[in-house]
Amino acid sequence: MKTYQLIRILEEFLEEYDATLLGIQESKRDNFERFPAPGNGSLQCFTAEVLFHNIGIFGNKVDYLEDVYPRITTLNMRLASFLEKKGLIISGSNAVATVCIVPHADKYGDIGKSLPPTLRPSRGQLIIRHKTLTEKSTYYATMAKRYGESVGVVTNNGTVVGPDGGLIGSACRVADTYENKISVLEFGSGGGSTALALARKKKLKSFFGNDFSPEMVEYFTTSVTPILSADKIKSPIFLGSCFDMSLETKVDLISVGVYYQAQTALFNKRGHELVKCLNKSGALIIQSSMQEDPFNTELLSGELKNNSIWPWYNKNFHLNTFFRYVARYIIEQETVLIATNSREKFLQIAKVLSYDGNFQKLNIA
Ligand SMILES: C[S@@+](CC[C@H](N)C(=O)[O-])C[C@H]1O[C@@H](n2cnc3c(N)ncnc32)[C@H](O)[C@@H]1O
């Protein structure tokens, strides 16, 4: 579909939601969340910036994960079926395009009726073997050349959510800024690709994993732990929510790979604990959104000023509430935020990441 055609369709869709289309941007990337990816393997992405005059549309309560995100899901599902009727398929295994709404709150808006919530529970469930993954995906084959073997992680809804190129790429580069091996804690460790990539570089001292999926923890224990143990790397894993994992050990790197919708809630509930759990020169990496759908990244980075108008907004969503230095990068076609309270570490990380020529934005609180 052409952008000018989509503008008319989106305007028609948004009329019902008291919202105005502000602008639209088209981009393209590898389709790494479908396996095998349909068509030629790439995804046509449309990002629609939308001003909502009803600022209560996504609810009024502060809990983003429980109250806000499920209403955004409702809007996205309605958009997908509206577009399907117009001939554009943006969801399911055959979709070769995506349309993302980036919501902006109208500062002259009112609190009106909220959308009903839609709950779509998801967890990592199946593993795609490395050989199969790389044979049928040029994106994952390229990743394998850069970082070595990793397995695919598929959710119960059929989406491929791992390996996370953004996390693997940033963890490896951040590790390069340390002279010695590092200790790592990862929320949402899935198929263990971050741990294995670091171990292969001889940069991993210890790994504390976490996943709320029994299937993923079982896979980690039977297939990843033995590889790490052979190198004398301890790798306990906690089965349960990232909100419940014990944070008593100090580490050099925290990697956040849990679903985007849980990330603001994680900082809201545990931001100060995360800072305490990091060594002085420690850093946190978080794979915060797809490039074309920056809303979650912007909630975390505090970049979109109008977001503070939402009735559910909370400044504890911001990384800068907890970390003085926050940088935003595109790594392996995924958006990653990197945060630290050490000026020296921040500069070292900026140095190792700058040669990529990738999008880079550095914030100093
Ligand atoms: C994006 S995948 C991470 C994949 C992993 N980085 C890899 O390369 O294999 C997210 C994983 O986090 C788990 N997860 C999502 N939300 C979670 C939460 N709130 N607490 C714990 N685990 C979570 C999912 O079950 C899934 O396995």
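Helix α2 crosses helix α8 in a right-handed sense, where right-handed means that the near helix is turned clockwise from the far one by less than a right angle, and left-handed anticlockwise. The model is predicted: local features require pLDDT of at least 70 and side-chain atom pairs pLDDT 80 or more, while totals for chains, interfaces and linings use all residues. Residue numbers start from 1 along each chain as its sequence is written. The protein chain has ten helices and 14 strands, taken as DSSP runs numbered from the N terminus (helices H or I, at least four residues; strands E, at least two).

**Overall dimensions**

- The radius of gyration of the protein chain is 20 Å, close to the 21 Å of the globule rule for 365 residues, so the chain is as compact as a globular protein of that length. The radius is taken over C-alpha atoms, and the rule is 2.2 Å times the number of residues to the power 0.38.
- Along the principal axes, the C-alpha atoms occupy a box of roughly 60 × 45 × 40 Å.

**Helix pairs**

- The axes of α2 (residues 64-85) and α8 (residues 260-277) come within 9 Å and cross at roughly 145 degrees. Axes are lines fitted to C-alpha atoms, for helices over the stretch in contact, and angles between N-to-C directions run from 0 to 180 degrees.
- On the α2 side the contact involves Tyr64, Leu65 and Tyr69, which meet Gln261, Ala262, Thr264 and Ala265 of α8; contact requires C-beta atoms, placed from the backbone, within 7 Å.
- This contact of α2 with α8 has five nonpolar, two polar and no charged residues. Nonpolar covers Ala, Val, Leu, Ile, Met, Phe, Trp, Tyr, Cys and Pro, charged covers Asp, Glu, Lys and Arg, and the others, Gly among them, are polar.
- Helix α5 (residues 165-176) packs against α6 at an angle of about 35 degrees, with the axes 9 Å apart, and this crossing is right-handed.
- Leu167, Ile168, Ala171, Cys172 and Ala175 of α5 meet Ser193, Thr194, Ala197 and Leu198 of α6. By class, the α5 contact with α6 has seven nonpolar, two polar and no charged residues.

**Sheet β1-β2-β3**

- These three strands form an open sheet in the order β1-β2-β3, with mixed pairing; strands pair if DSSP finds at least two bridges between them.
- β1 (19-30) and β3 (97-110) are at the edges with a single partner strand each, so one side of each has no neighbour in the sheet.
- Neighbouring strands of this sheet are turned by 15 degrees against each other on average, direction ignored.
- β1 and β2 (residues 42-54) run antiparallel and are joined by eleven bridges; Lys28 stands opposite Gln44 in β2.
- Helix α1 (residues 3-15) packs on the sheet and touches β1, β2 and β3, its direction making about 135 degrees with that of β1.

**Sheet β4-β5-β6**

- Another open sheet has three strands in the order β4-β5-β6, with antiparallel pairing.
- Its edge strands, β4 (124-128) and β6, each pair on one side only, and the twist averages 40 degrees from one strand to the next.
- Four bridges link β4 with β5 (residues 152-155); Ile128 has Gly152 in β5 as its bridge partner.

**Ligand shell**

- There are 26 residues around the ligand, and Gly124, Gly162, Gly188, Gly190 and Gly191 come nearest; a residue is near a molecule if its C-beta atom, placed from the backbone, lies within 6 Å of it.
- At least two residues of the shell come from each of β6 (160-162), α6 (193-200) and β8 (204-211).
- By class, the shell has eleven nonpolar, twelve polar and three charged residues.

Key: Two residues are in contact if their C-beta atoms, placed from the backbone, lie within 7 Å.
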